[in-house]
Amino acid sequence: MGNEGLDIGNLESLEKSLGAVFERKDLRFLVVDDSGTMRRIIAKALKDIGADTVVEAGDGMEALLKLQSAGKIDVILTDWNMPKMNGLEFLKSVKGNAAFKDIPVIMVTTEAEKASVLEAIKAGARNYVAKPFTPDVLKAKVEQTLGIAK
Ligand SMILES: [Mg+2]
């Protein structure tokens, strides 16, 4: 009885697949929208995908404060039209801050705002989701953004 069942190649692929699972652990999102209903819809979809933490903010100003206090954030999803500081202004603030500029930002837009997506991409947005969206579409966009699309 030895190690004849132990195959190094299998071990390596096992470690790789475990690594892929672990990479998906402790996923933390910041969801910014002035609509509490929309925040709840997005937060639920993110939890269904496997998000561990969803931090919420009602406008860009509050989102900047949450970024300072929330610890690690993996992905930001932000609405466009919001009081105090809109999504584009918030995006520009995030991209202009050395501590946050590498956090991928997904714009959540209405059909009418789709034409403005290019402006957001130029300002550093990684991706966008048009409302209304299905959980599957949101999942695909998040996985694309995190580079874990299959
Ligand atoms: Mg809004």
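**Figure 1. Packing of helices H2 and H6 in a predicted model.** H2 and H6 pack with their axes 10 Å apart and at an angle of about 65°. Axes are lines fitted to C-alpha atoms, for helices over the stretch in contact, and angles run from 0 to 180 degrees between N-to-C directions. The two helices, H2 and H6, are therefore roughly perpendicular (angles under 35 degrees count as roughly parallel, over 145 as roughly antiparallel, 65 to 115 as roughly perpendicular and the rest as oblique). On the side of H2, the contact is made by Ala-45, Asp-48 and Ile-49, and on the side of H6 by Pro-135, Leu-138, Lys-139 and Val-142. Two residues are in contact if their C-beta atoms, placed from the backbone, lie within 7 Å. The residues of this contact comprise 5 nonpolar, no polar and 2 charged; Ala, Val, Leu, Ile, Met, Phe, Trp, Tyr, Cys and Pro count as nonpolar, Asp, Glu, Lys and Arg as charged, and the others, Gly among them, as polar. Residues are numbered from 1 along each chain as its sequence is written. Because the model is predicted, local features need pLDDT of at least 70 and side-chain atom pairs count only at pLDDT 80 or more, whereas totals for chains, interfaces and linings use all residues.

**Figure 2. The largest nonpolar core.** This core has 29 residues, of which Phe-29, Leu-30, Leu-77 and Met-107 touch the most other members. A nonpolar core is a set of buried Ala, Val, Leu, Ile, Met, Phe, Trp, Tyr and Cys residues joined through C-beta atoms within 7 Å. A residue is buried if 20 or more other C-beta atoms lie within 10 Å of its own, exposed if 12 or fewer, and partly exposed in between, with C-beta atoms placed from the backbone. Among the elements giving two or more residues to the core are strand S1 (28–32), strand S3 (75–79) and helix H4 (87–95). Helices (H or I, at least four residues) and strands (E, at least two) are DSSP runs, numbered from the N terminus. Apart from residues up to four places away in sequence, Leu-77 touches Phe-29, Val-31, Ile-42, Ile-106 and Val-108.

**Figure 3. The surroundings of Ile-106.** Ile-106 belongs to strand S4 and is buried, with 23 other C-beta atoms within 10 Å. Leaving aside residues up to four places away in sequence, Ile-106 touches several residues, including Val-75, Leu-77, Tyr-128 and Lys-141. Val-129 is 23 residues apart from Ile-106 in sequence and 7.1 Å apart in space, C-alpha to C-alpha.
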